[in-house]
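User: Hi! I'm new to reading protein structures, and I'd like to learn by asking questions about one. Could you walk me through it?

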Amino acid sequence: MLLSEQDQFLSYNGEVLVFQLSKPKHAEEADDKTMNLCVRRMAFNRDTKLFVQKSSGVFSMHASDSKIEMICCSCTTDSRTGIILPCILMKKKKRNNVKYFVLLLHSSNQFEQSFYFKLDYELKEDIRLFTGPSVLWRQANKLFYISSNTCVVQSAPVQLSSVVWTGEIVDEGTAVLGIRTACLPETEDADGFSVSDRAIWGSEFFGYAIETQKMLAGTCFMPHAYSRVVSSVYICRSERWKKQLRISLVAITHKNQLIWFQNGVPKGVCELPYAKPCSVKPAVTSSNDLLFVVYFASGNSCVVQRRDSLQVASKWPKVKCILVDDFIGSGSEQLLLLFKDDSNTDVLSTFKITDLGEVNYASSINYKHDVPAAEGLQENGLLTVRALETRLQAGWTSVRELQQHLGLQKRVILESCRALIDLVEERTHVLPNAKQEGLVSLWDDVENPPHSLSKETALVSEVPEHFTEELWQRVVGDSLVVGVKLTESFYLSLSEVSLSLVMDQDFSSISPIIKCQSKIIKLNKAFSALAISSSQIEPPPKKMKLDLHSKNYLRKEFPKRSSSIHLDGARTLTAVTSLSPLLAFHRVCCVVLLHARKQNHQNDSLQQSKKIAVVCGKILLSLEDISNGRYSVKMLRDNSYCTGSVEDILAVLAVSVRFSFQIVSSDFTLTPVSSWLLGEMECTPFKECQGNIFCHKAGNVHGTIFNWTLKNPFEGVLTIFCRNLTILFQCLHSLTRVLPPSCCVKLLRSGSKAVLTEQLALALEKEMLTLKNSLFLGETKAENSLTWGNESGKKINNSPLASLLDTEEGVQQFRKKFQNEQEENVQSMNQTMNGALYQKTALNIAEAQLSSDMIVWRLS
């Protein structure tokens, strides 16, 4: 196949595509109106060191009286599939009518006509193909483009003298970098240098994003002073840094220079060996060298290498074209130079493949005495294996360092848990030497325990000996419930009370802290109501907070803490944890710890609190006891009553979720609710608290506790304690079938409206007193440090104001008194507060406001 002047070359996936226009062979002598666009896929054969044809394809076009030409070809992205395909722009001219159409070449060598458009003029200046496929060109200093998505010629609202680059920019899509006459603003802006630069040179760079139709500042590419000399640009990298566009590019100039720009600042320059450079493209070789291939109008070319500085690495005369791709399949790019040779017109007859390193193939070299192909492949394979081994070794080193870090982290956590156990059991804990673990100690390594440890131990001794009345445990389903009943006098002095479980065994691979959930449950003397404080129901957060309990790892999280509600009577605290993971150890002994703040009332009526952690006792859990039902909940019927013990009731409540519903009926009384509970739900009241009833109905609802309170015959509150939402929905579905149609059922977030209103009043009163105490505290400090008006030693005569103003001495005395009062007021306003006191005051105010906000949320 012979070459012609209109032949186009394109590299695609390591192959060379040769596009040629020709007439069919069988109709060369006839007056045939058909024109064929032929493509040949040529691949380099490393055995023969020549390009051989792999496949070919043909696209036939009806020429008639038209003249068909190939304008340009490029590899562009098909927007329908995201696949990069070869794209060819064709021209079909007939008299004054010019038709352009775009073809896509698929892997099967089938051509697809993407779209076409007609113009009354010919495209001659700055024609580019880009993603879509789309076509861009310049005509009469205006920018036009058309895409396969719209098939309509569109005009950009810009005037330009040349297009120097078209491509993709991060976050902007397809963009055009061009040069235009400077558009100077009427007033000087913040970028004064840019304005002066444009005024001097009369032209400027500008960027235009086609998809977003947005203008980009030209100074992020390069200074406007280069707009008079730059002919072509290639953008190597674009990125966003703190909302600023950062760009690295190379530009060739009419002064025969190649300049490297970084973020709009020139970083290097190189003198080119030939005149009139036309285009520049990059190549990355096997040694990770970045090369810039420059093609000149004279047909010459050169390669500029970028290492410490820009320098010409090689140059070649009489080059037809230069392609960049991985032609030999080595994993890196090489340069394919096609030379002009009048003596031989065969396709790819005179060429050179090189990466300016080890790869060097040329059609004019005799390879008879060269290394055999198998040995060359073996050598390349050996180099590849060595590179992979180096990367594998580096990866293994990183994994080993990560494993060492995780092991050290686990040992630190376990040592912290042992220190916690020794602290609450009043044992001296000796910290290991930080140097042995390869750590830097945050304290001085001394033999004696730290002062803070002895201080905390002394705090534990302040706890009375008999502060617990009972310690018990129950098994409810797959949950273990541990309960501690505190004495009334001890509990009234505590706040922020919670329980946690710590495994007594010394496990070296797991943390002894068991994840559990704390609840505070109170049954009053009449057993007519239940009050539960739980961390399950809380208002939505006002601010985002870190979720430290998102991972459900057993014994690797500290127990959740919950705030308490101050009610009269004895208190029972419960801790609920998952049972099945504990049974994996067959026999487990756990220490029950009480965490709280101990309140002390001072003379200034402000509460001082200290954190305490005391041991309530130990529980023993074995698989044999659970199999025998030793800790099971027993709820039996006895003469229409449920005989469950108080501990059984508390255990069921601890694993249940509370929901309260207000039921209002405007037309009928609510007697069906009691009938439904005692009849269909098969409920029986507890013997000691008949207001709360236990469901004995078979199925999922068994074990649900109800509390039905009537305010009047037409309004009542139904409280349901169930294990999950599925049971709740089953109960409500059954209830709605017996209620009158006019009934209104409303979910109450916590308790009745009257109780919450009273609690809100108390909370607001407490918040007001807390604010008052904090203000009085600062005022008291000011009174102690200042001498106030009539209380000072410099007393002023208390004569009437009119008599003071009658004489000059009286006026001076009044003026002095007034000035003293002004100074004292200023000094009182500028009083400072101790950091610890301010922290404590702010904490008290925040706690009071949080309590009132919680009740307001429940009332809403």
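This is a predicted model: local features need pLDDT of at least 70, side-chain atom pairs count only at pLDDT 80 or more; totals for chains, interfaces and linings use all residues.

User: How many disulfides does the count come to?

Analyst: A disulfide is a covalent bond between the sulfur atoms of two cysteines, and the cut-off used here is sulfur atoms within 2.5 Å. For Cys 72, the nearest cysteine sulfur belongs to Cys 73 and is 7.1 Å away. For Cys 87, the nearest cysteine sulfur is that of Cys 72, 7.7 Å away. Over the chain, the count of disulfides is 0.

User: Is Cys 87 buried or exposed?

Analyst: Residues under 20% relative accessible area count as buried, and those over 50% as exposed. Cys 87 has a relative accessible area of 0%, so Cys 87 is buried.

User: How far apart are the end C-alpha atoms of helix α9?

Analyst: Helix α9 covers residues 725-736, which is 12 residues. At 1.5 Å a residue, it should span 16 Å, and the model agrees with that. The end C-alpha atoms are apart by 16 Å.

User: Within what arc do the buried residues of α9 fall?

Analyst: The buried residues of α9 are Ile 727, Leu 728, Cys 731, Ser 734 and Leu 735. Seen down the helix axis, they line one face, because their directions fall within an arc of 130°.

User: Which exposed residues does the face of α9 turned away from its buried side carry?

Analyst: The buried side of α9 is covered by elements including β38, α8, β41 and β42. The face turned away from that side carries the exposed residues Phe 729 and His 733.

User: Which residues on the other side of α8 are exposed?

Analyst: In α8, the buried residues are Val 673, Trp 676 and Leu 677. They fall within an arc of 95° seen down the axis, so they line one face of the helix. Their cover includes β39, β40, β41, β42 and α9. On the other side, the exposed residues are Thr 671, Ser 675 and Leu 678.

User: Which side chain makes a polar contact with the side chain of Thr 174?

Analyst: Thr 174 sits in strand β14 and counts as buried, at 2% relative accessibility. Among the residues that Thr 174 touches are Phe 130, Tyr 208 and Ile 210. At 2.8 Å, its polar contact is with the side chain of Glu 168.

User: What is the length of the polar contact that joins the side chains of Lys 54 and Glu 15?

Analyst: Lys 54 lies in strand β4 and counts as exposed, at 53% relative accessibility. Lys 54 and Glu 15 are 39 residues apart in sequence, with 9.2 Å between their C-alpha atoms. Their side chains are joined by a polar contact of 2.8 Å.

User: How far apart in space are Phe 205 and Met 222, C-alpha to C-alpha?

Analyst: Phe 205 is in strand β15 and is buried, with a relative accessible area of 1%. The residues that Phe 205 touches include Leu 177, Met 222 and Tyr 226. In sequence, Phe 205 and Met 222 are 17 residues apart, and C-alpha to C-alpha the distance is 7.7 Å.

Terms used
Residues are numbered from 1 along each chain as its sequence is written. Side-chain values use heavy atoms; hydrogens and water are left out. Buried means under 20% relative accessible area, exposed over 50%, partly exposed in between (1.4 Å probe, protein chains only). Helices (H or I, at least four residues) and strands (E, at least two) are DSSP runs, numbered from the N terminus. The expected span of a helix is 1.5 Å times one less than its number of residues. The arc is that of the directions from the helix axis to the C-beta atoms. Contact means heavy atoms within 4.5 Å. A polar contact is a pair of N or O atoms within 3.5 Å; within protein, one must be able to donate a hydrogen and the other to accept it, and residues adjacent in sequence count only if both atoms are side-chain atoms. Lists of a residue's contacts leave out its neighbours within four places in sequence.
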